[in-house]
Amino acid sequence: MKRTFMKPCLSFSSVAVIPKVTKHLLANPVFTCIVLAACMEIAVVAGFAAFLGKYLEQQFNLTTSSANQLLGMTAIPCACLGIFLGGLLVKKLSLSALGAIRMAMLVNLVSTACYVSFLFLGCDTGPVAGVTVPYGNNSVLTSPLDPYSPCNNNCECQTDSFTPVCGADGITYLSACFAGCNSTNLTGCACLSLVPAENATVMPGKCPSPGCQEAFLTFLCVMCVCSMIGAMAQTPSVIILIRTVSPELKSYALGVLFLLLRLLGFIPPPLIFGAGIDSTCLFWSTFCGEQGACALYDNVVYRYLYVSIAIALKSFAFILYTTTWQCLRKNYKRYIKNHEGGLSTSEFFASTLTLDNLGRDSVPQNQSHRTKFIYNLEDHEWCENMESVL
């Protein structure tokens, strides 16, 4: 019985040419700039969105569950809608590569303006006994701030958890224990020296800040608009990337894009945002004598630093978009392989081309259609297309 063996999909010669092809792609300034710009845009999403629930919790006194639910019901659907609208605009307007980069620049500017508005939408930390103001809210600070005070020394309060309470004096305490409350119904709190003893009560949660509710509603509306507009830049970026590389390298170029997105867009940003947020901590919880999670932040510094990092990344993306636009404006035919700005079927699925065909121009350059997508492939075409991807 004769045995048949499948031809191996990836040969050593194909692997050996990968470094040369990668160098060839990165030597193209339009390709490099548009990939880095996409990385900066994703970095904002990966870093800003990763801590957005915590940000809402700290800035607007929301619970963790309500903050995450609001994000899931507003920001995420708006981002999905933005991706759809971006692709629809590119199709309806029949944008060339130069038109697509202009669209990406405009979208980036509008979304950056939304992030700038976040600098003014937030709430202050407010007075917190022993952390931001001394006990009794004395105007003169005679000793370093300390959550432990003579009024709660006999309570044996612990700092391993943060359960804030709002006193009748308008001051937030780290817990009912730190407020000197001697009963389970949160009454008779000895540390509330500014109110009569019969009114010395506390309520669970931080003391509300004036105008905080209105600021939150405005923030939520701006966040929806920002998510939708920011997501509209994804389709133009991919269109430019595809049109700026040789037909036989389009599959590999997309692979390089997604590799760099994961290396530069998803790994460093959460670390950078997290380190910046930790630097704004006012009070750390302790557990068995060791430092735990941050219990209280300086909301103003938190907001400015958190939003400023996002603005810096968006600004860097705009510089990269501008560089791409300058390159295309000065020498469009040098960087765009199809001068008409269109995408032929052979460019999307170069089933008969591989990495070894680099430099051979086998695709006609006089295509009349700007965008044409092929969704149905025969069985043999799937196999051949997979070989071209590898």
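Predicted model: local features only at pLDDT ≥ 70, side-chain atom pairs only at ≥ 80, totals over all residues.

1. Among the contacts in the chain with a separation of 6 or more, 74% are accounted for by residues 24 or more positions apart.

2. The secondary structure of the chain consists of 15 helices and five strands. Of its 390 residues, 45% count as buried, and the accessible surface comes to about 20,500 Å², with 63% of that area belonging to carbon and sulfur atoms.

3. Helix α4, which spans residues 52-60, packs with helix α12, residues 299-330, at an angle of about 150°, and their axes are 10 Å apart. Because angles over 145 degrees count as roughly antiparallel, α4 is roughly antiparallel to α12. The crossing of these two helices, α4 and α12, is left-handed.

4. In the contact between them, α4 contributes L52, K54, Y55, Q58 and Q59, whereas α12 contributes N299, Y302, R303, Y306 and V307. By class, the residues of this contact of α4 with α12 comprise five nonpolar, three polar and two charged.

5. For helix α10 (residues 250-266) and helix α11 (residues 268-278), the packing angle is about 10° and the axes lie 5 Å apart. Since angles under 35 degrees count as roughly parallel, α10 is roughly parallel to α11.

6. On the α10 side of this second contact are L263, L264, G265 and F266, and these meet P268, P269 and P270 in α11. The contact of α10 with α11 has six nonpolar residues and one polar residue, with no charged residues.

Definitions and conventions
Residues numbered from 1 in each chain as written. Heavy atoms only, no water. Axes fitted to C-alpha atoms, helices over the stretch in contact; angles between N-to-C directions. Helix = DSSP H or I, 4+ residues; strand = E, 2+ residues; numbered from the N terminus. Parallel < 35°, antiparallel > 145°, perpendicular 65-115°, else oblique. Left-handed = near helix turned anticlockwise from the far one by under 90°. Contact = heavy atoms within 4.5 Å. Nonpolar A, V, L, I, M, F, W, Y, C, P; charged D, E, K, R; others polar. Buried < 20%, exposed > 50% of the residue type's maximum accessible area, 1.4 Å probe, protein only. Areas by Shrake-Rupley, 256 points an atom, 1.4 Å probe, with all protein chains shown as cover.
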